[in-house]
Amino acid sequence: MNYDLINAVKILNKEKCTCALCCGDEKYTASHRGVKPLLDWFDSGIDFNGFSAADKVVGNAAAFLYVLLGVKAVYAPVMSEAAVNTLKDNGIEFEFDEIVQGIINRTGDGSCPMEESVKGISNPAAALSAIRMKLKELSKRN
C-alpha cells in the first residue's frame with residue numbers, strides 16, 4: 001500500500017468521514033454518502049491525478065468516478081466485483097477487506113441504484129452520463 005493510500009485510510013478511520021483523497025500534503029474529505037462527493041469533486045475541476053482514495057464502500061459507479069478523477073489507488077472495506085474489474089481495467093491499484101457480488105441499497109431490500117445505473121457499461125464517460133441521469137431521476141422522487 002502506498003504512503004498516500006495509507007494516509008487516506010487513516011483519515012477515513014480517524015475522522016469518520018465517508019471518503020478521503022490524499023496526495024502528499026493535500027487531502028480532501030467528505031461526509032456525504034454515495035457517489036455525491038465524488039461527482040462534486042469531479043465537477044469542481046480540481047486535478048486529482050495521482051491521488052489515492054479511501055472510501056467506505058466502492059461499487060462500480062464509484063469506481064468509474066475514481067477512474068474519471070484520475071486517482072492511482074483506491075481502498076474500501078467493501079468493494080463490488082464490478083468495481084474491482086473497472087479499477088483493474090483502468091490500471092488503478094485497489095485494496096479491499098471484503099468483495100461482494102453487488103452493492104445493496106440503503107434500505108437493504110435491493111440493489112444500489114447507482115450500481116444498477118452503470119450495469120453493462122464499460123466506458124467511464126458513458127458511466128458518468130448514466131450516473132447523472134439516475135441521480136436526476138432519484139432527486140425527482142424526493
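## Salt bridges

How many salt bridges does the structure hold? The count comes to six, where a salt bridge is a side-chain nitrogen of Lys or Arg within 4 Å of a carboxyl oxygen of Asp or Glu. This is a predicted model, in which local features need pLDDT of at least 70 and side-chain atom pairs count only at pLDDT 80 or more, while totals for chains, interfaces and linings use all residues. Residues are numbered from 1 along each chain as its sequence is written, and side-chain values use heavy atoms, with hydrogens and water left out.

Helices (H or I, at least four residues) and strands (E, at least two) are DSSP runs, numbered from the N terminus. Asp4 counts as buried, at 9% relative accessibility, whereas Lys72 is partly exposed, with a relative accessible area of 38%. For these words, buried means under 20% relative accessible area, exposed over 50%, and partly exposed in between, using a 1.4 Å probe and protein chains only.

Lys36 is partly exposed at 41% relative accessibility, and Asp40 is partly exposed at 38%.

Glu116 pairs with Lys119 in another salt bridge, where the closest N and O atoms are 3.9 Å apart. Here Glu116 is partly exposed at 38% relative accessibility, while Lys119 is exposed at 63%.

## Aromatic pairs

Now to the rings. The structure holds six aromatic pairs; rings of Phe, Tyr and Trp (its six-membered ring) pair if their centres lie within 6.5 Å, with planes under 30 degrees apart counted as stacked, over 60 as edge-to-face and the rest as tilted. Tyr28 and Phe48 have ring centres 5.0 Å apart and planes at 75°, so the pair is edge-to-face. Because Tyr28 lies in strand E2 and Phe48 in the loop between H2 and E3, the pair ties together parts that are 20 residues apart in sequence. Tyr28 is partly exposed at 23% relative accessibility, but Phe48 is buried at 0%.

Phe94 and Phe96 form a stacked pair, 6.3 Å centre to centre with 5° between the planes. Both partners are partly exposed: Phe94 has a relative accessible area of 24%, and Phe96 one of 32%.

## Strand E1 and its partners

Is strand E1 mostly covered or mostly open? Strand E1 (residues 19–23) is mostly covered, with four of its five residues buried. E1 pairs with strand E2 (residues 26–30) in the antiparallel sense over five bridges; two strands pair if DSSP finds at least two bridges between them. Cys22 has Lys27 in E2 as its bridge partner. The two strands form a hairpin with two residues between them, and Gly24 in the turn has a positive phi of about 60°.

E1 also runs antiparallel to strand E3 (residues 52–55), joined by four bridges. In E3, Ala54 is the bridge partner of Ala20.

## The largest pocket

The largest pocket has a volume of about 730 Å³. Of the 27 residues that line this pocket, the closest to its centre are Arg33, Gly34, Val35, Arg106 and Cys112. On a 1 Å grid over the protein atoms alone, a pocket is an open set of points where a 1.4 Å probe fits, with protein on both sides within 12 Å along at least five of seven lines; lining residues have an atom within 4 Å of a point. Grid points are joined across faces, edges and corners, and a volume is the space filled by probe spheres set on the points.

Helix H3 (60–69), helix H5 (113–117) and helix H6 (124–141) each supply at least two residues of the lining, and H6 gives the most, with four. The lining divides into 12 nonpolar, eight polar and seven charged residues. In this scheme Ala, Val, Leu, Ile, Met, Phe, Trp, Tyr, Cys and Pro count as nonpolar, Asp, Glu, Lys and Arg as charged, and the others, Gly among them, as polar.
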